[in-house]
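Okay, thanks for letting me jump in. I'd like to walk you through one structure, starting with the inside. Have a look at it first.

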Amino acid sequence: MTHINCFIPYQNPKVWKNLIHELSVNPQVSKIFLLSDTQREDLPEKAEFLNVTDALTHTRTIKSIGEKSSGDYAFIFTKTADIKPGQFAIERFIDIAENTGADLVYADYYDQVEEKLIPHPVIDYQPGSLRDDFDFGPLLFIRTSALKTAVAGMEETFSHAGLYQLRLKLSTSGKFVHVPEFLYTASEADLRASGKKIFDYVDPKNREVQIEMEQAVTAHLKETGAYLPPQNRAVDFEEDFPVEATVIIPVRNREKTIKDAIESVMKQKASFPFNLIIVDNHSTDGTTEIIKTFTAKHPDILHVIPARKDLGIGGCWNLAAHHAACGRFSVQLDSDDLYSNEDTLQNIVDAFHKEKCAMVIGSYKMTNFNLEEIPPGIIDHKEWTPENGPNNALRINGLGAPRAFYTPVLRKIRIPNVSYGEDYGLGLAISRNYNIGRIYTPVYLCRRWEDNSDASLPIEVMNKHNFYKDRLRTFELEARIKQNRK
């Protein structure tokens, strides 16, 4: 018979009462370890305390779990949630692990919100699934031999990144299997919209956590051969261009916001000539007519309607970047956002020349439709450092805005023809071989309203987006390993 050890963070005993009973009567569960620094009585059969003074995220706690694991597999419960295994769920985890040789198995589950069961599908793990917030669900089923090997290789001690460190160690040689079946139910405490959760990693109060996560992923990249050492990758701006800078706005059906976006460009005061290319991707509302009112008065505004009908945002960017009128630097402006002041363009171009970089990323302020500041306020991505930014970029889920590019590099690399994640993939590719400059004061206003692409998304769409970004990271990871080998 297969033997399982279970490890439960036991700070709130009431949450775990029913689960512990269910586990204790399962013949394949040999021991239940309750992680706590306080001993309690009246424990069911098979349950015992594992005295830990640190949280589950601490390396010391993970090592204690590895040392105590004596069965064939370990169930690690990663969140304090009322978890209810489904019909023969434990047996299903065992069968999948045994039949596939997996070192880690995780599954879809249900969120219980009040009396409702809401499906919570998760996604397949890839080599590029390096973000520390990858959603495995609150239940990890790990082969004990792999767990012990991973723990033995954990040299650094972290307070917050221990569990992340374990996952990275397991992934270096282990096999992860996602079971696309709803094998259990877990109570859900975080009911925020997806558009709010995505900014948790840039919250200043999480800075200490993020530093540890960066250290863990950097060690992993060194171990796997994908690490990029600090180096001078300056760019010489020698080519001739019709103008110094071109603002690019891809747009489709944004009659409510396109006027504000265009006006924020035309208000720019700069010491150099610039123009604006608007790629109108076959709008069907009043967007096209609004753009025409500006082009009739401003010869520096080019209104481009693609001949193709298969372009996403990335494809529209490619069209503008390869246009004969495009300037030395291509500067982003989304059709529902605007520049925060009249010297944004000047600041961006100055940053290019000062830092000799192929890409400049600014900072932005979150606002509502009326341009009033909303939480989390200013997003500056200070987790980027010149020394390690290209490596840490593989862990985080975005690089910031507005983004601007040295046009010859943009034309060389090209942008994926999609409408989500295209800028992130481009930033990863540029950071492999070129410097990226940063502006840490807000130069951009990012509007949040009901038509934003990521304001509040169902989990299926979030999964699709995350899977694609993980794929981009996988592509980049493999490119860096190949480049390092050369």
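**What lines the cavity**

So, let's start with the lining of the largest cavity: its residues split into twelve nonpolar, no polar and no charged. And keep in mind, please, that this is a predicted model.

H3 gives the most, with three residues.

How big is the thing? The largest cavity comes out at about 70 Å³. And if you count cavities of 30 Å³ or more, you get one.

Okay, zooming out to the whole protein. There are 15 helices and 18 strands. The C-alpha atoms fill a box of roughly 80 × 50 × 40 Å along the principal axes. For 486 residues, a compact globule would have a radius of gyration near 23 Å, and the protein's 25 Å agrees with that.

Take the contacts with a separation of 6 or more: 79% of them are between residues 24 or more positions apart.

Last bit, the surface. The protein exposes about 21,600 Å², and carbon and sulfur atoms supply 50% of that.

That's me done, over to you.

Terms used. Residues are numbered from 1 along each chain as its sequence is written. This is a predicted model: local features need pLDDT of at least 70, side-chain atom pairs count only at pLDDT 80 or more; totals for chains, interfaces and linings use all residues. Side-chain values use heavy atoms; hydrogens and water are left out. On a 1 Å grid over the protein atoms alone, a cavity is a set of points where a 1.4 Å probe fits but cannot get out, and a pocket is an open set with protein on both sides within 12 Å along at least five of seven lines; lining residues have an atom within 4 Å of a point. Grid points are joined across faces, edges and corners, and a volume is the space filled by probe spheres set on the points. Helices (H or I, at least four residues) and strands (E, at least two) are DSSP runs, numbered from the N terminus. Ala, Val, Leu, Ile, Met, Phe, Trp, Tyr, Cys and Pro count as nonpolar, Asp, Glu, Lys and Arg as charged, and the others, Gly among them, as polar. The radius of gyration is taken over C-alpha atoms; the globule rule is 2.2 Å times the number of residues to the power 0.38. Contact means heavy atoms within 4.5 Å. Accessible areas come from the Shrake-Rupley method with a 1.4 Å probe; for residues, only the protein chains shown count as cover.
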